Amino acid sequence: MGYPPFSSLRPSACPALSRIVAARDGGLCRIKLPGGKLLAMQAHAIADAADVHGSGIVELTNRANLQLRGVKAGGEATLSQRLSDAGLGPRVAATESHDPVQAARQAAVADDARNLLLSPVAGLDADALYDTVPLADEILGLLQSEPRLAELSPKFSVLLDGGERLASLDHPHDVWFAAMPPAIRGGTEPRFAVGFAGQPSSTRSDALAAVRADDIVALIRALLVAFLDLAAPDENRMRDLLRSHDCHTVLARAAEKGSIDLQNDPEVGTWRRAAAEPIRRFGAYPQRDGGLWHVGGQPPLGRIDSATLRGLARLALEHGDGSLRFTPWQSVLVPNVAARAVPQVELGLCSLGFVLDPQDPLARVIACAGSTGCVKALADTKADALALAKQLPAGVEAHLSGCTRSCAAAHCAPYTLLAVAPGRYDLYRRDHASDGETSSPARDGALRFGERIDTYLTIEEAAKRLGEAAGAPIS
Ligand code: SF4
(Lines give C-alpha, C1' and ligand atoms only; values in the text may rest on other atoms or scores of the structure.)
Protein backbone atom coordinates (compact mmCIF):
# COMPACT_ATOMS: atom_id res chain seq x y z
CA MET A 1 0.00 0.00 0.00
CA GLY A 2 1.52 3.33 -1.03
CA TYR A 3 1.16 6.60 0.79
CA PRO A 4 1.05 9.60 -1.54
CA PRO A 5 0.67 12.97 0.21
CA PHE A 6 -2.81 13.00 1.54
CA SER A 7 -3.46 16.18 3.46
CA SER A 8 -5.77 17.63 0.83
CA LEU A 9 -8.06 14.58 0.67
CA ARG A 10 -8.49 14.11 4.39
CA PRO A 11 -7.57 17.41 6.05
CA SER A 12 -7.15 17.59 9.81
CA ALA A 13 -4.88 19.28 12.33
CA CYS A 14 -3.97 15.86 13.72
CA PRO A 15 -0.70 14.37 12.50
CA ALA A 16 -0.89 10.85 11.09
CA LEU A 17 1.29 8.41 9.22
CA SER A 18 0.41 9.90 5.85
CA ARG A 19 -0.57 13.39 7.04
CA ILE A 20 2.58 15.23 8.07
CA VAL A 21 1.43 18.35 9.89
CA ALA A 22 3.59 21.47 9.79
CA ALA A 23 5.10 22.64 13.07
CA ARG A 24 7.68 25.31 13.86
CA ASP A 25 10.52 22.76 13.84
CA GLY A 26 9.37 20.95 10.68
CA GLY A 27 6.76 18.31 9.96
CA LEU A 28 5.15 16.12 12.57
CA CYS A 29 4.40 12.46 11.75
CA ARG A 30 2.38 10.34 14.21
CA ILE A 31 2.80 6.58 14.31
CA LYS A 32 -0.04 4.75 16.03
CA LEU A 33 1.00 1.66 17.95
CA PRO A 34 -1.63 -1.04 18.55
CA GLY A 35 -1.88 -1.33 22.33
CA GLY A 36 1.32 0.74 22.54
CA LYS A 37 3.28 -2.28 21.27
CA LEU A 38 6.38 -1.90 19.10
CA LEU A 39 8.74 -4.62 17.86
CA ALA A 40 12.50 -4.09 18.01
CA MET A 41 12.88 -4.18 14.25
CA GLN A 42 10.14 -1.55 13.95
CA ALA A 43 11.96 0.59 16.53
CA HIS A 44 15.03 0.43 14.31
CA ALA A 45 12.94 1.37 11.27
CA ILE A 46 11.56 4.40 13.11
CA ALA A 47 15.00 5.44 14.34
CA ASP A 48 16.42 5.20 10.81
CA ALA A 49 13.46 7.13 9.38
CA ALA A 50 13.83 9.80 12.07
CA ASP A 51 17.48 10.29 11.13
CA VAL A 52 16.94 10.37 7.38
CA HIS A 53 13.64 12.27 7.14
CA GLY A 54 13.37 14.13 10.44
CA SER A 55 15.41 15.76 13.16
CA GLY A 56 16.13 12.44 14.88
CA ILE A 57 13.78 13.38 17.72
CA VAL A 58 11.06 10.87 18.63
CA GLU A 59 8.24 11.90 20.96
CA LEU A 60 6.24 9.58 23.16
CA THR A 61 2.61 10.71 23.24
CA ASN A 62 -0.01 10.55 25.96
CA ARG A 63 -2.00 8.06 23.86
CA ALA A 64 0.89 5.55 23.84
CA ASN A 65 1.91 6.44 20.29
CA LEU A 66 5.13 7.85 18.83
CA GLN A 67 5.72 10.88 16.66
CA LEU A 68 8.65 12.06 14.61
CA ARG A 69 9.54 15.74 14.75
CA GLY A 70 11.30 17.94 12.26
CA VAL A 71 10.20 16.03 9.14
CA LYS A 72 11.89 17.65 6.15
CA ALA A 73 9.84 19.03 3.29
CA GLY A 74 9.81 16.86 0.20
CA GLY A 75 10.37 13.53 1.94
CA GLU A 76 6.94 13.08 3.47
CA ALA A 77 5.63 10.41 1.09
CA THR A 78 8.85 8.42 1.29
CA LEU A 79 8.76 8.59 5.08
CA SER A 80 5.16 7.34 5.24
CA GLN A 81 5.93 4.54 2.80
CA ARG A 82 9.01 3.54 4.75
CA LEU A 83 7.06 3.34 8.01
CA SER A 84 4.27 1.45 6.31
CA ASP A 85 6.78 -1.06 4.93
CA ALA A 86 7.91 -1.69 8.51
CA GLY A 87 4.39 -2.77 9.40
CA LEU A 88 3.53 0.48 11.16
CA GLY A 89 0.62 1.45 8.93
CA PRO A 90 -3.04 0.60 9.36
CA ARG A 91 -4.41 -2.77 8.44
CA VAL A 92 -6.36 -2.17 5.28
CA ALA A 93 -8.43 -4.80 3.55
CA ALA A 94 -7.51 -5.51 -0.03
CA THR A 95 -9.37 -3.14 -2.26
CA GLU A 96 -10.68 -3.81 -5.70
CA SER A 97 -9.84 -0.26 -6.62
CA HIS A 98 -6.67 0.24 -8.64
CA ASP A 99 -6.94 3.98 -8.09
CA PRO A 100 -3.92 4.92 -5.91
CA VAL A 101 -5.69 8.00 -4.55
CA GLN A 102 -8.69 5.91 -3.49
CA ALA A 103 -6.40 3.32 -1.92
CA ALA A 104 -4.47 6.02 -0.07
CA ARG A 105 -7.70 7.54 1.17
CA GLN A 106 -8.80 4.17 2.51
CA ALA A 107 -5.48 3.79 4.33
CA ALA A 108 -5.69 7.27 5.83
CA VAL A 109 -9.26 6.69 7.05
CA ALA A 110 -8.13 3.44 8.68
CA ASP A 111 -5.13 5.18 10.26
CA ASP A 112 -7.31 7.94 11.69
CA ALA A 113 -9.86 5.50 13.08
CA ARG A 114 -7.51 3.18 14.96
CA ASN A 115 -7.73 5.02 18.26
CA LEU A 116 -8.04 2.28 20.85
CA LEU A 117 -6.32 2.59 24.21
CA LEU A 118 -5.38 -0.45 26.29
CA SER A 119 -3.40 -0.81 29.47
CA PRO A 120 0.32 -1.08 28.62
CA VAL A 121 0.29 -4.38 30.53
CA ALA A 122 -2.76 -5.83 28.76
CA GLY A 123 -2.31 -9.58 28.68
CA LEU A 124 0.58 -9.40 31.16
CA ASP A 125 -0.95 -8.19 34.43
CA ALA A 126 -1.53 -10.86 37.06
CA ASP A 127 -4.39 -8.86 38.56
CA ALA A 128 -6.28 -8.05 35.38
CA LEU A 129 -9.88 -9.22 35.18
CA TYR A 130 -9.72 -9.91 31.47
CA ASP A 131 -7.03 -10.33 28.82
CA THR A 132 -8.10 -7.62 26.38
CA VAL A 133 -5.47 -8.34 23.71
CA PRO A 134 -7.52 -10.69 21.48
CA LEU A 135 -10.62 -8.51 21.80
CA ALA A 136 -8.58 -5.39 21.05
CA ASP A 137 -7.33 -7.02 17.87
CA GLU A 138 -10.92 -7.57 16.76
CA ILE A 139 -11.87 -3.98 17.61
CA LEU A 140 -8.89 -2.60 15.70
CA GLY A 141 -9.89 -4.76 12.76
CA LEU A 142 -13.36 -3.26 12.86
CA LEU A 143 -12.12 0.32 13.21
CA GLN A 144 -9.83 -0.09 10.21
CA SER A 145 -12.36 -1.73 7.94
CA GLU A 146 -15.66 0.13 8.34
CA PRO A 147 -16.06 2.48 5.34
CA ARG A 148 -18.59 4.58 7.28
CA LEU A 149 -15.86 5.60 9.73
CA ALA A 150 -14.47 7.95 7.12
CA GLU A 151 -16.99 10.40 8.58
CA LEU A 152 -15.58 10.10 12.10
CA SER A 153 -13.27 12.68 13.70
CA PRO A 154 -9.62 11.50 13.82
CA LYS A 155 -9.81 12.22 17.54
CA PHE A 156 -12.71 9.84 18.25
CA SER A 157 -11.35 7.22 20.66
CA VAL A 158 -12.30 4.03 22.47
CA LEU A 159 -10.92 2.64 25.74
CA LEU A 160 -10.85 -1.10 26.45
CA ASP A 161 -9.94 -1.59 30.10
CA GLY A 162 -9.22 -5.10 31.34
CA GLY A 163 -9.01 -4.04 35.01
CA GLU A 164 -5.21 -3.99 35.08
CA ARG A 165 -3.47 -2.33 38.03
CA LEU A 166 -1.32 -0.28 35.66
CA ALA A 167 -3.97 1.65 33.77
CA SER A 168 -4.63 5.22 32.75
CA LEU A 169 -8.01 6.32 34.04
CA ASP A 170 -7.68 10.05 33.50
CA HIS A 171 -7.89 10.21 29.72
CA PRO A 172 -11.31 11.00 28.25
CA HIS A 173 -12.67 8.59 25.64
CA ASP A 174 -15.72 8.87 23.46
CA VAL A 175 -16.70 5.32 24.37
CA TRP A 176 -15.20 3.18 27.14
CA PHE A 177 -15.53 -0.41 28.23
CA ALA A 178 -14.21 -1.70 31.57
CA ALA A 179 -14.12 -5.31 32.76
CA MET A 180 -16.30 -6.01 35.79
CA PRO A 181 -15.14 -8.49 38.44
CA PRO A 182 -16.98 -11.84 38.47
CA ALA A 183 -17.56 -11.64 42.22
CA ILE A 184 -19.88 -8.67 41.77
CA ARG A 185 -22.10 -10.15 39.15
CA GLY A 186 -22.24 -13.64 40.67
CA GLY A 187 -21.75 -15.35 37.33
CA THR A 188 -18.96 -16.62 35.18
CA GLU A 189 -19.57 -14.95 31.85
CA PRO A 190 -17.18 -12.01 31.30
CA ARG A 191 -18.91 -8.68 30.98
CA PHE A 192 -17.87 -5.06 30.68
CA ALA A 193 -19.31 -1.80 31.95
CA VAL A 194 -19.85 0.71 29.14
CA GLY A 195 -19.83 4.49 29.31
CA PHE A 196 -19.53 7.57 27.11
CA ALA A 197 -17.45 10.73 27.01
CA GLY A 198 -15.16 10.00 29.93
CA GLN A 199 -13.46 7.08 31.61
CA PRO A 200 -14.17 4.44 34.26
CA SER A 201 -13.92 5.88 37.75
CA SER A 202 -12.88 4.42 41.07
CA THR A 203 -14.95 6.96 43.01
CA ARG A 204 -18.33 6.91 41.30
CA SER A 205 -20.29 4.82 38.83
CA ASP A 206 -20.60 6.32 35.38
CA ALA A 207 -21.49 3.01 33.76
CA LEU A 208 -24.58 3.24 31.58
CA ALA A 209 -25.01 -0.54 31.36
CA ALA A 210 -23.02 -3.74 31.11
CA VAL A 211 -22.54 -5.93 28.05
CA ARG A 212 -21.17 -9.38 27.43
CA ALA A 213 -17.56 -9.39 26.23
CA ASP A 214 -18.71 -11.23 23.13
CA ASP A 215 -21.03 -8.34 22.24
CA ILE A 216 -18.48 -5.54 22.42
CA VAL A 217 -17.35 -5.54 18.79
CA ALA A 218 -20.94 -5.50 17.51
CA LEU A 219 -21.87 -2.78 20.00
CA ILE A 220 -18.97 -0.57 18.94
CA ARG A 221 -20.01 -0.93 15.31
CA ALA A 222 -23.60 -0.04 16.16
CA LEU A 223 -22.55 2.84 18.43
CA LEU A 224 -20.34 4.44 15.82
CA VAL A 225 -23.10 4.24 13.24
CA ALA A 226 -25.62 5.63 15.74
CA PHE A 227 -23.23 8.46 16.56
CA LEU A 228 -22.76 9.34 12.90
CA ASP A 229 -26.51 9.13 12.24
CA LEU A 230 -27.40 11.41 15.15
CA ALA A 231 -24.54 13.91 15.28
CA ALA A 232 -24.94 17.33 13.71
CA PRO A 233 -22.09 18.49 11.41
CA ASP A 234 -20.44 20.39 14.25
CA GLU A 235 -20.76 17.52 16.74
CA ASN A 236 -17.47 15.65 16.31
CA ARG A 237 -17.12 13.94 19.65
CA MET A 238 -19.49 11.99 21.86
CA ARG A 239 -19.49 14.80 24.43
CA ASP A 240 -20.83 17.13 21.72
CA LEU A 241 -23.65 14.75 20.83
CA LEU A 242 -24.60 14.32 24.49
CA ARG A 243 -25.42 18.01 24.72
CA SER A 244 -28.42 17.34 22.50
CA HIS A 245 -29.11 13.63 23.11
CA ASP A 246 -29.57 11.55 26.25
CA CYS A 247 -26.74 9.03 26.70
CA HIS A 248 -29.10 6.16 27.56
CA THR A 249 -31.13 6.84 24.43
CA VAL A 250 -28.02 6.75 22.25
CA LEU A 251 -26.88 3.49 23.83
CA ALA A 252 -30.32 1.89 23.59
CA ARG A 253 -30.59 2.83 19.92
CA ALA A 254 -27.22 1.21 19.17
CA ALA A 255 -28.07 -1.90 21.19
CA GLU A 256 -31.34 -2.31 19.35
CA LYS A 257 -29.68 -1.91 15.95
CA GLY A 258 -26.98 -4.40 16.92
CA SER A 259 -29.44 -6.84 18.60
CA ILE A 260 -27.40 -6.61 21.80
CA ASP A 261 -28.72 -7.22 25.31
CA LEU A 262 -27.87 -4.41 27.67
CA GLN A 263 -27.62 -5.45 31.32
CA ASN A 264 -28.91 -2.93 33.81
CA ASP A 265 -28.99 -4.82 37.11
CA PRO A 266 -28.28 -3.02 40.42
CA GLU A 267 -24.64 -4.18 40.38
CA VAL A 268 -24.05 -1.97 37.35
CA GLY A 269 -25.30 1.09 39.20
CA THR A 270 -22.97 0.54 42.14
CA TRP A 271 -19.92 -0.68 40.22
CA ARG A 272 -16.65 1.19 40.71
CA ARG A 273 -13.45 0.53 38.86
CA ALA A 274 -10.67 -0.64 41.24
CA ALA A 275 -8.14 2.14 41.77
CA ALA A 276 -5.29 2.03 39.27
CA GLU A 277 -1.62 2.33 40.19
CA PRO A 278 0.13 4.47 37.56
CA ILE A 279 3.29 4.34 39.68
CA ARG A 280 3.82 0.79 38.36
CA ARG A 281 5.10 2.30 35.12
CA PHE A 282 8.36 2.91 36.97
CA GLY A 283 10.70 0.02 37.74
CA ALA A 284 10.15 -3.74 37.73
CA TYR A 285 6.96 -5.75 38.40
CA PRO A 286 6.20 -9.44 37.96
CA GLN A 287 3.87 -10.51 35.19
CA ARG A 288 1.05 -12.97 35.48
CA ASP A 289 2.96 -16.11 34.59
CA GLY A 290 6.25 -17.63 33.53
CA GLY A 291 8.38 -15.83 36.12
CA LEU A 292 8.67 -12.87 33.74
CA TRP A 293 8.77 -9.18 34.63
CA HIS A 294 8.16 -5.86 32.96
CA VAL A 295 10.59 -3.00 33.59
CA GLY A 296 9.60 0.60 32.93
CA GLY A 297 11.16 4.01 32.67
CA GLN A 298 10.22 7.53 31.61
CA PRO A 299 12.35 9.76 29.38
CA PRO A 300 12.64 13.38 30.50
CA LEU A 301 9.74 15.36 29.03
CA GLY A 302 8.61 12.49 26.80
CA ARG A 303 11.35 12.84 24.19
CA ILE A 304 14.11 10.54 23.04
CA ASP A 305 16.50 10.55 20.11
CA SER A 306 17.00 7.87 17.49
CA ALA A 307 20.03 6.40 19.28
CA THR A 308 17.97 5.96 22.44
CA LEU A 309 15.23 4.21 20.49
CA ARG A 310 17.83 1.81 19.09
CA GLY A 311 19.09 1.28 22.65
CA LEU A 312 15.55 0.35 23.76
CA ALA A 313 15.32 -2.13 20.89
CA ARG A 314 18.62 -3.66 21.96
CA LEU A 315 17.41 -4.08 25.54
CA ALA A 316 14.19 -5.73 24.33
CA LEU A 317 16.09 -8.15 22.10
CA GLU A 318 18.80 -9.02 24.61
CA HIS A 319 16.66 -9.35 27.72
CA GLY A 320 13.00 -9.48 26.69
CA ASP A 321 11.00 -10.94 23.82
CA GLY A 322 12.00 -8.25 21.32
CA SER A 323 8.99 -6.05 22.00
CA LEU A 324 8.40 -2.75 23.78
CA ARG A 325 5.21 -1.31 25.27
CA PHE A 326 4.74 2.45 25.22
CA THR A 327 2.43 3.93 27.83
CA PRO A 328 -0.04 6.86 28.06
CA TRP A 329 2.37 8.55 30.50
CA GLN A 330 4.94 9.11 27.74
CA SER A 331 7.02 6.24 29.10
CA VAL A 332 8.03 2.74 28.03
CA LEU A 333 8.06 -0.80 29.41
CA VAL A 334 10.41 -3.60 28.43
CA PRO A 335 8.14 -6.64 28.93
CA ASN A 336 8.80 -10.37 29.29
CA VAL A 337 12.12 -10.04 31.06
CA ALA A 338 13.47 -13.03 33.02
CA ALA A 339 13.88 -12.26 36.74
CA ARG A 340 17.65 -12.65 36.57
CA ALA A 341 17.89 -10.02 33.81
CA VAL A 342 15.82 -7.34 35.58
CA PRO A 343 18.86 -5.52 37.06
CA GLN A 344 20.51 -5.35 33.64
CA VAL A 345 17.38 -3.87 32.08
CA GLU A 346 17.07 -1.33 34.89
CA LEU A 347 20.71 -0.39 34.41
CA GLY A 348 20.24 -0.23 30.65
CA LEU A 349 17.23 2.08 30.93
CA CYS A 350 19.10 4.34 33.35
CA SER A 351 22.11 4.55 31.06
CA LEU A 352 19.77 5.52 28.20
CA GLY A 353 18.56 8.44 30.32
CA PHE A 354 15.24 7.02 31.51
CA VAL A 355 13.94 7.85 34.96
CA LEU A 356 12.97 4.80 37.05
CA ASP A 357 12.32 6.51 40.37
CA PRO A 358 8.84 8.07 40.58
CA GLN A 359 10.17 10.60 43.09
CA ASP A 360 12.75 11.92 40.64
CA PRO A 361 11.74 15.50 39.72
CA LEU A 362 11.92 14.57 36.04
CA ALA A 363 9.24 11.95 36.69
CA ARG A 364 6.95 14.67 38.04
CA VAL A 365 7.11 17.33 35.36
CA ILE A 366 5.63 17.28 31.86
CA ALA A 367 5.62 19.92 29.13
CA CYS A 368 4.25 20.39 25.65
CA ALA A 369 6.46 21.09 22.63
CA GLY A 370 6.74 24.77 23.55
CA SER A 371 7.95 27.64 21.43
CA THR A 372 10.80 25.74 19.77
CA GLY A 373 8.29 23.38 18.17
CA CYS A 374 4.91 25.09 18.15
CA VAL A 375 3.82 28.48 16.83
CA LYS A 376 1.06 28.71 19.43
CA ALA A 377 3.42 28.48 22.40
CA LEU A 378 4.04 31.62 24.41
CA ALA A 379 7.13 30.17 26.13
CA ASP A 380 9.84 27.55 25.75
CA THR A 381 8.06 25.08 27.99
CA LYS A 382 10.60 22.29 27.48
CA ALA A 383 13.58 24.37 28.64
CA ASP A 384 11.53 25.94 31.44
CA ALA A 385 10.39 22.49 32.60
CA LEU A 386 14.00 21.32 32.86
CA ALA A 387 14.80 24.44 34.87
CA LEU A 388 11.78 23.86 37.11
CA ALA A 389 12.74 20.20 37.67
CA LYS A 390 15.96 21.38 39.34
CA GLN A 391 13.91 23.29 41.92
CA LEU A 392 10.69 21.27 42.06
CA PRO A 393 9.35 20.77 45.60
CA ALA A 394 9.20 17.14 46.73
CA GLY A 395 6.00 15.33 45.85
CA VAL A 396 4.71 18.06 43.53
CA GLU A 397 3.60 17.20 39.98
CA ALA A 398 3.56 20.04 37.47
CA HIS A 399 2.52 20.47 33.86
CA LEU A 400 3.85 23.32 31.72
CA SER A 401 1.64 24.24 28.80
CA GLY A 402 2.44 26.73 26.06
CA CYS A 403 -1.26 27.49 25.53
CA THR A 404 -4.65 26.27 26.71
CA ARG A 405 -4.75 23.34 24.30
CA SER A 406 -2.87 21.20 26.81
CA CYS A 407 -1.20 18.86 24.29
CA ALA A 408 1.05 17.26 26.91
CA ALA A 409 -1.73 16.28 29.29
CA ALA A 410 -5.13 14.81 28.55
CA HIS A 411 -5.74 14.92 32.29
CA CYS A 412 -5.79 17.84 34.68
CA ALA A 413 -2.45 17.86 36.51
CA PRO A 414 -2.33 18.84 40.20
CA TYR A 415 -0.53 22.04 39.15
CA THR A 416 -0.38 23.64 35.71
CA LEU A 417 1.88 26.46 34.63
CA LEU A 418 0.22 28.12 31.66
CA ALA A 419 2.56 30.28 29.59
CA VAL A 420 1.56 33.93 29.25
CA ALA A 421 4.88 35.30 27.90
CA PRO A 422 8.42 34.00 27.38
CA GLY A 423 9.60 32.67 30.75
CA ARG A 424 6.34 33.74 32.46
CA TYR A 425 3.48 31.57 33.64
CA ASP A 426 0.15 31.71 35.42
CA LEU A 427 -0.16 28.99 38.06
CA TYR A 428 -3.29 26.84 38.31
CA ARG A 429 -4.22 24.31 40.97
CA ARG A 430 -6.56 21.45 40.18
CA ASP A 431 -9.84 22.32 41.85
CA HIS A 432 -12.74 20.24 43.02
CA ALA A 433 -14.53 20.43 39.68
CA SER A 434 -11.58 18.95 37.86
CA ASP A 435 -10.20 16.76 40.63
CA GLY A 436 -8.95 13.53 39.17
CA GLU A 437 -10.67 14.32 35.93
CA THR A 438 -9.53 15.05 32.46
CA SER A 439 -8.56 18.51 31.35
CA SER A 440 -11.78 18.31 29.42
CA PRO A 441 -12.51 20.78 26.68
CA ALA A 442 -15.98 20.69 28.23
CA ARG A 443 -14.35 23.27 30.53
CA ASP A 444 -13.22 26.04 28.25
CA GLY A 445 -9.74 27.54 27.99
CA ALA A 446 -7.69 27.86 31.13
CA LEU A 447 -10.65 26.74 33.27
CA ARG A 448 -9.69 23.17 32.40
CA PHE A 449 -6.60 23.58 34.60
CA GLY A 450 -8.54 24.45 37.76
CA GLU A 451 -8.23 27.54 39.94
CA ARG A 452 -5.67 30.22 39.05
CA ILE A 453 -3.65 30.88 42.20
CA ASP A 454 -0.91 33.16 40.89
CA THR A 455 0.08 35.06 37.77
CA TYR A 456 3.06 36.06 35.65
CA LEU A 457 5.58 33.98 37.58
CA THR A 458 9.15 33.29 36.54
CA ILE A 459 10.26 29.66 36.89
CA GLU A 460 12.09 30.51 40.12
CA GLU A 461 8.97 32.22 41.50
CA ALA A 462 6.83 29.30 40.36
CA ALA A 463 9.05 26.78 42.17
CA LYS A 464 8.75 28.82 45.36
CA ARG A 465 5.00 29.24 44.96
CA LEU A 466 4.55 25.52 44.30
CA GLY A 467 6.40 24.78 47.53
CA GLU A 468 4.10 27.12 49.45
CA ALA A 469 0.95 25.80 47.80
CA ALA A 470 1.87 22.18 48.39
CA GLY A 471 3.48 22.78 51.78
CA ALA A 472 6.46 20.82 50.50
CA PRO A 473 10.22 21.37 50.74
CA ILE A 474 12.47 21.63 47.69
CA SER A 475 13.56 18.16 46.62
S1 SF4 B 1 -0.25 23.06 24.24
FE2 SF4 B 1 -0.41 24.78 22.80
S3 SF4 B 1 1.67 25.59 22.70
FE4 SF4 B 1 1.83 23.53 23.55
S5 SF4 B 1 2.19 22.19 21.80
FE6 SF4 B 1 -0.02 22.23 22.14
S7 SF4 B 1 -0.79 23.85 20.78
FE8 SF4 B 1 1.43 24.14 20.98
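Biologist: What do the buried residues of H3 pack against?

Modeller: The buried residues of H3 pack against H4, where helices (H or I, at least four residues) and strands (E, at least two) are DSSP runs numbered from the N terminus. This is a predicted model, in which local features need pLDDT of at least 70 and side-chain atom pairs count only at pLDDT 80 or more, whereas totals for chains, interfaces and linings use all residues. Residues are numbered from 1 along each chain as its sequence is written, and side-chain values use heavy atoms, with hydrogens and water left out.

Biologist: Which residues of H3 are buried?

Modeller: Buried means under 20% relative accessible area, exposed over 50%, and partly exposed in between (1.4 Å probe, protein chains only). In H3 the buried residues are Ala103, Ala104, Ala107, Ala108, Val109, Ala110, Asp111, Asp112 and Ala113.

Biologist: What should the 14 residues of helix H3 span?

Modeller: The expected span is 1.5 Å times one less than the number of residues. For H3 (residues 100–113) that gives 20 Å, and its end C-alpha atoms are 20 Å apart, which agrees. Helix H1 (residues 40–53) also has 14 residues, and its reach of 20 Å from first C-alpha to last is close to the 20 Å expected. Among the buried residues of H1 are Ala40, Ala43, Ile46, Ala47 and Ala50.

Biologist: At what angle do H1 and helix H2 pack?

Modeller: Axes are lines fitted to C-alpha atoms, for helices over the stretch in contact, and angles run from 0 to 180 degrees between N-to-C directions. H1 and H2 (residues 76–88) pack at about 170°, with their axes 9 Å apart. The two helices are therefore roughly antiparallel, a term for angles over 145 degrees. Their contact (heavy atoms within 4.5 Å) includes Met41, Ala45 and Val52 of H1, and Leu79, Leu83 and Ala86 of H2. The residues of this contact divide into nine nonpolar, four polar and two charged, where Ala, Val, Leu, Ile, Met, Phe, Trp, Tyr, Cys and Pro count as nonpolar, Asp, Glu, Lys and Arg as charged, and the others, Gly among them, as polar.

Biologist: Which residues surround the ligand?

Modeller: A residue is near a molecule if one of its heavy atoms lies within 4 Å of it. Here the surrounding residues include Cys368, Cys374, Cys403 and Cys407, together with Lys376 and Arg405. By class, the shell has six nonpolar, three polar and two charged residues.

Biologist: Is Thr132 buried or exposed?

Modeller: Thr132 has 0% relative accessibility and therefore counts as buried. Thr132 sits in the loop between strand E6 (116–117) and helix H4 (133–143), and, not counting residues up to four places away in sequence, Thr132 touches Leu118, Ala122, Leu160, Asp161, Gly162, Glu164 and Phe192. Pro335, in strand E15 (residues 332–338), is likewise buried, with a relative accessible area of 1%.

Biologist: What phi does Tyr456 have?

Modeller: Most residues other than glycine have a negative phi. Tyr456, although not a glycine, has a positive phi of about 50°. Tyr456 is placed in strand E20 (residues 451–457) and, at 46% relative accessibility, counts as partly exposed. Ala197, in strand E9 (residues 191–198), also has a positive phi of about 50°, and at 36% relative accessibility Ala197 counts as partly exposed.

Biologist: Which residues does Arg424 touch?

Modeller: Leaving out residues up to four places away in sequence, Arg424 touches Leu418, Ala419, Tyr456, Leu457, Thr458 and Glu461. Arg424 is found in strand E19 (residues 424–429), and its 25% relative accessibility makes Arg424 partly exposed.

Conventions
Parallel < 35°, antiparallel > 145°, perpendicular 65-115°, else oblique.
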